[in-house]
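Here is a short report for a first look at this structure. Start with the view below, then read on.

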Amino acid sequence: MKRFLAAMLLLLCVTGCTAQPKSYTADFFAMDTFMSVTAYGVDEQTAQDTAVTCERRVNALEPALSRTREDSDIYRLNHADGAVCEVSDDTYAALQAAVEYAAYTGGAFDPTLAPLTDLWGINTENAHVPAQAEIDEALTHVGYQNIELLGDNQVQLKNGAQIDLGGIGKGFATDAVAALLDGSCSVLATLGGNIGAYGENPSRDSGGWVIGIADPDNNADYLATVEVRDRSVVTSGDYERYFEQDGKRYHHIFDPATGWPADSGLRSVTVIDAVSTRADALTTALFVMGLDKGLAFCAEQGIAAVFVTADKQVYTSAQVGEVCTFTFLGEEKGYTYAQ
Ligand code: ADP
Ligand code: MG
């Protein structure tokens, strides 16, 4: 499902599109989703080299961030029974970011939800609603304070904690792509629901990149666009990974306070930020917080976010107008732009 949806991701080149002979696109599958990196350079070879280098960098991150691959640092850490482990630079940097954003969001984003994601089995054939006693037991191991970052790439997990970096992995990969760029190419990286748009878009006079925000009811369609430059645009939604039981939908964004899928009245949250890891953590956290708390958090912290509610209202934080051009297109689809 996720793969299909990722393939349908909307990247809109609205006006003035001309053929781009000096572009090269690398399409690949990583982190359980379809990805593509398009580079635009002075010549085809430069574009190809850049796109392929980006693809290699993302692929190399898989063993650093995955928790299911048995050769990954996170797998080793999760199965170390609380012993101190040495991890790679990338893994350590991702854990540092995860802990930082967990504290920043008051634990709404929490990278220690692995026991819960396992229990619910989202995206596996064993997806089901667990017994409350099982959820309560799993929650006793959850809490980002259980991650001890000891310096020199040494990490220790306390209290039976297990790491799941699914909430920031693609954001971290997008930032890794951005860090490779030296200005010789413009790059549009679509890593699942994480988009990074860097440099000037040669297809538009404005040089900006127009990115669609999906309609949660039909994510082959979109209900708004944002035009950005040198920014990442990240969306988390309840329509991305879920299962249904007894007519109710259970999705993959969990409220760490309850151990249940966040029931916050939101369908999706999009964050526009220069740092994709931060945007990725924030989409998850704001989804958990819900509209009122989420908008207040954005106002306080200067975060650009677009919220889509279950009752078809679209809200934007004040910062949105400062970092991008937002265009609402959802009226015909029954959405109202509330703010
Ligand atoms: P995706 O882009 O893969 O849909 P998201 O950025 O929306 O991912 O994050 C959801 C993933 O993050 C889940 O699949 C799970 O692995 C993990 N996760 C779920 N809830 C939380 C949370 N509250 N904090 C941190 N990670 C979470
Ligand atoms: Mg996220």
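This is a predicted model: local features need pLDDT of at least 70, side-chain atom pairs count only at pLDDT 80 or more; totals for chains, interfaces and linings use all residues.

Strand 6 covers residues 154-157 and joins strand 4 through two bridges. There, E86 has Q154 of strand 6 as its bridge partner.

## The magnesium site

Which protein atoms are donors of the magnesium ion (ligand 2)? They are G167 (O), D280 (O), D280 (OD) and T284 (OG1). These lie 2.2 to 2.6 Å from the ion. The donor residues follow the spacing G-x112-D-x3-T in sequence.

G167 and D280 link distant parts of the chain, 113 residues apart. G167 belongs to the loop between strand 6 and helix 7 (169-180), while D280 is in helix 8 (residues 276-289). Both G167 and D280 are buried.

## Helix 2

Helix 2 runs over residues 44-65, 22 residues in total. From first C-alpha to last, the helix reaches 32 Å, close to the 32 Å expected at 1.5 Å a residue. At its start, a side-chain oxygen of D43 comes within 3.1 Å of the backbone nitrogen of Q45.

Several residues of helix 2 are buried, including A47, C54, V58, L61 and L65. The packing partners of its buried residues include strand 2 (23-30), strand 3 (33-40) and helix 3 (73-78). Helix 4, helix 7 and strand 7 (186-191) are also among them.

Notes:
Residues are numbered from 1 along each chain as its sequence is written. Chains are lettered from A and ligands numbered from 1 in the order in which they are written. Side-chain values use heavy atoms; hydrogens and water are left out. Two strands pair if DSSP finds at least two bridges between them. Helices (H or I, at least four residues) and strands (E, at least two) are DSSP runs, numbered from the N terminus. Donors are N, O and S atoms within 2.8 Å of the metal (3.2 Å for Na, K and Ca); water is not among the atoms, so sites may look incomplete. Buried means under 20% relative accessible area, exposed over 50%, partly exposed in between (1.4 Å probe, protein chains only). The expected span of a helix is 1.5 Å times one less than its number of residues. Contact means heavy atoms within 4.5 Å. A polar contact is a pair of N or O atoms within 3.5 Å; within protein, one must be able to donate a hydrogen and the other to accept it, and residues adjacent in sequence count only if both atoms are side-chain atoms.
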